[in-house]
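Work through the exercises below with the sequence and the model open. Each task is followed by a solution in steps.

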Amino acid sequence: MCNVAVGTGGVNAESPLPADRGVPQAAISRRSAMLADLMPACRTLRILRARPIAAGLLALILGLGSASTVAAVDADAFGRYRTADADAIAYRAMQTAGRRHGELLPLIVFMHGSGQNGSDNESQLQGHANGALELVDAAQANGIPLVFVAPQVDRDYWPPALIAAVVNDALQRFPVDPRRIVLTGLSDGGTGVWATLKAYPRCFAAGIPMSGMTELAGLASIRDVPQWIFHGAMDNDTDIETGYGGAMLGSRAVVRALRAMGGHPRYTEYADAMHVIWPQAYATDGLLVWILQRRLNHPPCDFSSTRTAE
């Protein structure tokens, strides 16, 4: 039973895709209810077997500081930055408390959707960053130190080199472990996660795209990059199979392709949900723990050699 993962309101698939099984929402709910009591113990057992963990992370695994009791971080707590290069890319960033003994910290890079496009260096955090700040809330509530970075673009596209430049700048300002950089994004930002992973397939510890799409071309290069993919089955913006109807395909089709290539992406699909799944998805039980466990198993990339001219 400990090999089964249940997300908040969805199905986490290492098992067949919901599209392949036709799982009704009622069955998913019954299955989730039956497994709910088992999952904290299962997660704890897996992680304790893997490596010793800090008290804050153990508290998070055991369900302390749950979503109902966590105080929401205010956007004003995030510093305002611009990259030191000629492009002066705007981003917001925060380091949560709890760092001890000078350790390097994981970095989460968040890419917003088109509704937050702009140049004010504020809109990307509106609405609790469309739910993405749930990760920061959970980290703060459990004394887990990490760095969260949210850049902003003024277009419906995330140039991968722009993300690399922001990462390089953050590495100079914060005590970041370059082996523990995780990308996440929603809608256009989810598409940007895949684009950036493809551009730098050996540089990021994991990717968490939500409601995104991507081409099949280049997927083989990121087959082995850990990915937890989220999408609503009834998405009314980015179709879960066909995306916008062009070369880019939706998450269900991408997951199927990755698995056919031998990859093992984790996949949560919300059977009755449309495009906006993000507050629910970012509050998924176990997501932050999963992020904290990701780490490159080879030397990190040198982001100082990247360019933003795209």
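**Exercise 1: the pairing of E6**

Strand E4 (residues 90–95) pairs with E6 in the antiparallel sense, over five bridges. Strands here are DSSP runs of at least two residues (E) and helices runs of at least four (H or I), numbered from the N terminus; two strands pair if DSSP finds at least two bridges between them. The model is predicted, so local features need pLDDT of at least 70 and side-chain atom pairs count only at pLDDT 80 or more, while totals for chains, interfaces and linings use all residues. Residues are numbered from 1 along each chain as its sequence is written, and side-chain values use heavy atoms, with hydrogens and water left out.

Solution. 

**Exercise 2: the faces of E6**

Task: Determine which residues of E6 lie on each side, and whether they are buried or exposed.

Solution. 
1. Buried means under 20% relative accessible area, exposed over 50%, and partly exposed in between (1.4 Å probe, protein chains only).
2. In a regular strand the side chains alternate between the two faces of the sheet.
3. On one side of E6 are Val147, Val149 and Pro151; on the other are Phe148 and Ala150.
4. Both faces are covered, and five of the five residues in E6 (residues 147–151) are buried.

**Exercise 3: the largest nonpolar core**

Task: Identify the residues with the most contacts inside the largest nonpolar core, and the element that supplies its largest share.

Solution. 
1. A nonpolar core is a set of buried Ala, Val, Leu, Ile, Met, Phe, Trp, Tyr and Cys residues joined through side-chain atoms within 4.5 Å.
2. The largest has 41 residues, and those with the most contacts inside it are Leu107, Val149, Ile163, Val167, Ile181, Leu183 and Phe204.
3. The largest share, eight residues, comes from H7.
4. Contact means heavy atoms within 4.5 Å. Leaving aside neighbours within four places in sequence, the contacts of Ile181 include Leu107, Val167, Phe204 and Phe303.
5. A second, separate core has 36 residues, among them Val73, Met94, Phe230 and Tyr282.

**Exercise 4: the disulfide**

Task: Locate the disulfide and give its handedness.

Solution. 
1. Cysteine sulfur atoms within 2.5 Å count as a disulfide, and the count comes to one.
2. Cys203 and Cys301 form the disulfide, with sulfur atoms 2.0 Å apart.
3. The torsion about their S-S bond is about -95°, so the disulfide is left-handed.
4. Cys203 is buried at 8% relative accessible area, whereas Cys301 is partly exposed at 22%.
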